[in-house]
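This report is intended for a reader meeting the structure for the first time. Please keep the sequence and the model at hand while reading.

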Amino acid sequence: MSTRTRDLTAQKRPRRARSRAISPLPPLVVSSLKPHEVDLAYSTLVCPTCRTWVPINAPHSRPKLVPHHTEKAGTDDPVRCPGSNRLVTVNVTVDQWFRRLEEGLTQTDGRRPTRVIRKPETGAAPAVMQIVGGTVDDKTARELNTAHIRGCSVCSIRDKKGNFLRPAALTARCSDGRRLAQLAAHTKRLAPARRKAQLDREDWNDRRAWGLRLVREQQWQNVSETVADADLRRVRDTLAALIQTLNPRTADAPQLTDWERADLMSAVTLLATQEEQLTR
């Protein structure tokens with residue numbers, strides 16, 4: 001029985017680039033980098049020079065960044081990044097790096113708003129005629145309709161010289177002309193009810209003002225005597241104080257000048273007039 005021999009010759013495999021070159025840049029310290037720019041689980045980090053993810057060669061012996069470039073794969077004569085073969089100082093364990101990464105994610109989630117604020121739904125804007133319809137009266141609506149008819153060539157019938165003859169039929173008018181005509185008819189139909197509502201509102205305002213005046217008069221009648229007595233006592237007390245100042249009871253009282261005495265006499269005369277008016 002013939003046996004089939006197997007070729008045990010090892011095939012040639014591509015070898016990893018193991019360069020002894022070292023970048024002149026200072027070593028990268030992992031603890032000084034941001035947690036999201038390092039991945040110790042896969043031994044990669046973001047190169048500070050080209051800002052791309054680069055593997056770390058020999059992370060347990062003498063770690064350094066592998067030679068790399070920023071062009072697409074397969075590019076002829078690519079320019080190598082200056083950060084290639086840069087030494088890396090791994091002074092953080094995987095557990096410490098993962099803890100720093102979780103703390104950063106927690107702070108980021110806390111800064112983000114979690115409440116969803118819904119925007120209010122915007123309704124359809126009313127037409128111009130709908131806005132004008134609630135603010136104009138029948139006279140204004142007729143004037144708007146007439147001005148539109150005289151200025152619109154579609155809504156009016158004119159002679160050969162362009163002089164205005166008469167309005168066109170409603171079906172032959174333009175869209176704005178038909179809306180103005182409908183607005184004039186609508187306001188004319190609602191004019192009596194609007195005038196009645198306006199008169200009722202004015203009458204109610206007059207009645208309310210009359211009622212307020214009546215209440216104020218009744219309130220004043222209840223306190224008028226008390227207020228008059230208080231005013232009279234205040235005037236008499238002030239008058240007595242002025243008279244005592246003019247005629248002091250003690251000899252050592254300060255003497256008044258002619259100007260001060262004249263001012264006091266004028267005040268006494270005014271207060272006496274007010275007392276006479278209050279006692280009537």
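Predicted model: local features only at pLDDT ≥ 70, side-chain atom pairs only at ≥ 80, totals over all residues.

Against which element do the buried residues of α5 pack?

## Helix α5 and its partner

The buried residues of α5 pack against α4, which spans residues 175-246. Helix α5 itself runs over residues 258-278 and has 21 residues. From its first C-alpha to its last, α5 reaches 30 Å, close to the 30 Å expected at 1.5 Å a residue.

Four residues of α5 are buried, namely Leu 264, Val 268, Leu 271 and Glu 275. They cover an arc of only 70° around the axis, which puts them on the same side of α5. An α-helix has 3.6 residues a turn, so residues three or four places apart point the same way. The other side of α5 carries the exposed residues Asp 258, Trp 259, Asp 263, Leu 270 and Gln 277.

## The open sheet

An open sheet is formed by four strands in the order β2-β3-β4-β5, with antiparallel pairing. Its edge strands are β2 (38-39) and β5 (64-65), each of which pairs on one side only. Strands of a sheet pair through backbone hydrogen bonds, either parallel or antiparallel.

Within the sheet, β3 (residues 44-46) and β4 (residues 53-57) run antiparallel and are joined by three bridges. Thr 44 has Pro 55 of β4 opposite it, while Val 46 stands opposite Trp 53 of β4. The hairpin of β3 and β4 has six residues between the strands, and in this hairpin Arg 51 takes a positive phi near 60°. Two bridges connect β4 and β5, again in the antiparallel sense; Asn 57 stands opposite Lys 64 in β5.

## The nonpolar cores

The largest nonpolar core has 16 residues. Those that touch the most other members are Val 30, Val 38, Leu 45, Cys 47, Leu 65 and Val 88. With its neighbours within four places in sequence left aside, Val 38 is in contact with Val 30, Leu 33, Thr 44, Leu 45, Trp 53 and Trp 97. Another core, of seven residues, lies apart from it and includes Leu 239, Leu 242, Leu 264 and Val 268. Two of these residues, Leu 264 and Val 268, are among the buried residues of α5 named above.

Where is Ser 23 found? Ser 23 belongs to the segment before β1 (28-29). Because its relative accessibility is 8%, Ser 23 counts as buried. Its side chain reaches the backbone oxygen of Pro 82 at 3.4 Å. Residues up to four places away in sequence not being counted, Ser 23 touches Pro 82, Ser 84, Asn 85 and Arg 86.

Arg 86 lies in the loop between β5 and β6 (88-89). Is Arg 86 buried or exposed? With a relative accessible area of 11%, Arg 86 is buried. A polar atom of the Arg 86 side chain lies 2.7 Å from the backbone oxygen of Pro 26. Not counting residues up to four places away in sequence, Arg 86 touches Ser 23, Leu 25, Pro 26, Pro 27, Leu 28, Pro 48, Thr 49, Pro 63, Lys 64 and Leu 65. Arg 86 and Ala 21 are 65 residues apart in sequence, and their C-alpha atoms are 9.0 Å apart in space.

Definitions and conventions: Residues numbered from 1 in each chain as written. Heavy atoms only, no water. Expected span 1.5 Å × (residues − 1). Buried < 20%, exposed > 50% of the residue type's maximum accessible area, 1.4 Å probe, protein only. Arc of directions from axis to C-beta. Contact = heavy atoms within 4.5 Å. Core = buried A, V, L, I, M, F, W, Y, C linked by side-chain atoms within 4.5 Å. Pairing = 2+ DSSP bridges. Polar contact = N/O pair within 3.5 Å; in protein donor to acceptor, adjacent residues only side chain to side chain.
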